[in-house]
Amino acid sequence: AAVLRVEGGLSRQAMSSWRSRFPLRGCVRPLGSRRTCRWEPRPAACKGHEKLDMLMYPVESIRNFSIIAHVDHGKSTLADRLLEITGTIAKTDRNKQVLDKLQVERERGITVKAQSASIFYNHEGVNYLLNLIDTPGHVDFSYEVSRSLSACQGVILVVDANEGIQAQTVANFYLAFEAQLAIIPVINKIDLKNADPERVEKQIEKLFDIPTEECVRISAKQGTNVEKVLQKVIEKIPPPQCNTADPLKALVFDSTFDHYRGVIANIALFGGEIEKGHKIVSAHTKKRYEVNEVGILTPNEQPTHKLYAGQVGYLIAGMKEVTEAQIGDTLFLYKQPVEPLPGFKSAKPMVFAGMYPVDQTEYNNLKSALERLTLNDSSVTVHRDSSLALGAGWRLGFLGLLHMEVFNQRLEQEYNMSVILTAPTVPYKAILSSAKLIKEYGKAEITIINPAQFPDKLSVSEYLEPTVLGTIVTPHEYIGKIIALCQDRRAVQKDMLYIDERRVMLKYLFPLNEIVVDFYDALKSLSSGYASFDYEDAGYQAADLIKMDILLNGNPVEELSTIIHNDKAYATGKFLCERLKDAIPRQLFEIAIQAAIGKKIIARETLKAYRKNVVAKCYGGDITRRMKLLKRQAEGKKLMRKIGNVEVPRDAFIRVLKRQTDK
């Protein structure tokens, strides 16, 4: 049907009358000004609105793969070119990181959330369905990578031809290797002036034992050789091992919340088929749902009649509560129960921080926003917490500092919530020796995530701190500075390997507390930005830990207590006292700000009192008159200090608890 143009302004009644006279599926769109509109009927067979028949793609013509790499090696750009070549998206200059949909991803230029897209490709006369998952590259989001790999049979390992193998390249390779996935090495950015693909091929062969002839040299930005990557995917990656005849078994590997449709679950089918109207059951909650819609992501949602075994898509089934779609859950048909899939290892938080609403009246709104955001980012752990100064809030566990910053930014951008985040801490452990405490806790080893829970040294046989095995890849000219930095952070060297004549890989055992705040920044500034860093959990080790209290006129302030290593106590105590001196407003009496370990004071700053110039009326005369007035004033201040309470204002807390040092 022809496009119908209607000149002149259209009221709502006029629009509904046009719709009744032309009962076609379509929409009224404005043309330039508000006074010119057009009605565009959509024919039934219009591409993008018809429901696809997924039966055309049997299991043997399906390939599920992820793109993995270090930060900024060109994963999202390669994903854009793959989508363009297969005709999934139109070729335009605006196609930059199409799969990075979050505002925080656009602003920071990094991938935070793994995104999937289904693409159709004809190779040697056979139609293939390729399910691509673009993954984050930063170490803080490695949980997203490991989850994505569970829905795949192979990976494309992208390495920058200029920078070569970096720390996260090594970590991601071993994630894929341990999952026994097919690995296709791709050397990207060969169009750069300083690109050296031969050197990178040798690095890949030396570190990963992959022959140089298997590497594909491409330029994702210019589209050079990208078609060859698709051919390699079809040849090297095996189809999924599953059968449509089996009962339905679907793994929920991601989910988002929509205000109108409820929870949208991303699923990978490991058996059977699913369609609208099916009654399904969640293995985790045992709740029953009716399927409202199934489809694939191309990368936008496209409804299909059915989804079959081996395929990856989305499902909407009227899940209204955010707690109902647990990531790692198994869905099966009602009255056809199956053995649940193993799911995912729950993420292990590395950094804890308190989160409080700026205004306590916003508590319920923040609670709702947190529930919805943790549905989409399941690696965050949430525990209720409260503080005398900041009110009711939560103790959140993150995988790293960048993860914490991105989570906070998403809360602000997506839910319009402003919050107070306290200084990050790491989870310590204590082995109790007191029988009374063991009976109270029900176990001899306890985990401490809040300094308020730190047990006294007399009732503990030893304290344990978390450690990580860090991998640093750096040009050899920076080795001396980096070794000195690591030793300053109490690290122990484990290994040192020359990848080639210019690059070195160092392995160190770090206490997590030493690297959590500013180690990465210090490493980057020492190495002019060339060194890369990655870490993995390495268990706990015994440490000389202490709890440091901050006292104001002898009264401890619970919110400012910290757990630190004995060696760093003096420097941290002095810094906190100086910071408080700048943050607390002056009073009419003197305030002593002290850092204490038990009864021992290790640092002190004094905030002088406001005082009236009582000797202003003395024009000469005897000195005893002057001394008498000053003595009387000092006695008054002393009395005031005894009865006066120091209340730390909220904004002073926020300034002190902020991680960034302003100096």
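**Reading the cores, a helix pair and backbone angles**

Colleague: How many residues has the largest nonpolar core, and which have the most contacts inside it?

Modeller: The largest nonpolar core has 55 residues, and those with the most contacts inside it are Phe407, Leu411, Ile472, Phe510 and Phe519. A nonpolar core is a set of buried Ala, Val, Leu, Ile, Met, Phe, Trp, Tyr and Cys residues joined through side-chain atoms within 4.5 Å. Buried means under 20% relative accessible area, exposed over 50%, and partly exposed in between (1.4 Å probe, protein chains only). In soluble globular proteins, nonpolar side chains tend to be buried together. This is a predicted model, in which local features need pLDDT of at least 70 and side-chain atom pairs count only at pLDDT 80 or more, while totals for chains, interfaces and linings use all residues. Residues are numbered from 1 along each chain as its sequence is written, and side-chain values use heavy atoms, with hydrogens and water left out.

Colleague: At what angle do helices H4 and H5 cross?

Modeller: Helices (H or I, at least four residues) are DSSP runs, numbered from the N terminus, as are strands (E, at least two). Axes are lines fitted to C-alpha atoms, for helices over the stretch in contact, and angles run from 0 to 180 degrees between N-to-C directions. The axes of H4 (residues 142–149) and H5 (residues 167–178) come within 10 Å and cross at roughly 30°. Angles under 35 degrees count as roughly parallel, and H4 and H5 are therefore roughly parallel to each other. Ser142, Val145, Ser146 and Leu149 of H4 make the contact with Gln168, Asn172, Leu175 and Ala176 of H5.

Colleague: Is Gln203 buried or exposed?

Modeller: Gln203 belongs to helix H6 (residues 197–208). Gln203 counts as buried because its relative accessibility is 0%.

Colleague: What is the phi of Asn416, and where does this residue lie?

Modeller: Most residues other than glycine have a negative phi. Asn416 has a positive phi of about 55° although it is not a glycine. Asn416 is found in the loop between helix H9 (401–415) and strand S23 (419–421). With 69% relative accessibility, Asn416 counts as exposed. Arg490, also not a glycine, has a positive phi of about 60°, and Arg490 lies in the loop between helix H11 (479–488) and strand S27 (492–498).

Definitions and conventions
Angles under 35 degrees count as roughly parallel, over 145 as roughly antiparallel, 65 to 115 as roughly perpendicular and the rest as oblique. Contact means heavy atoms within 4.5 Å.
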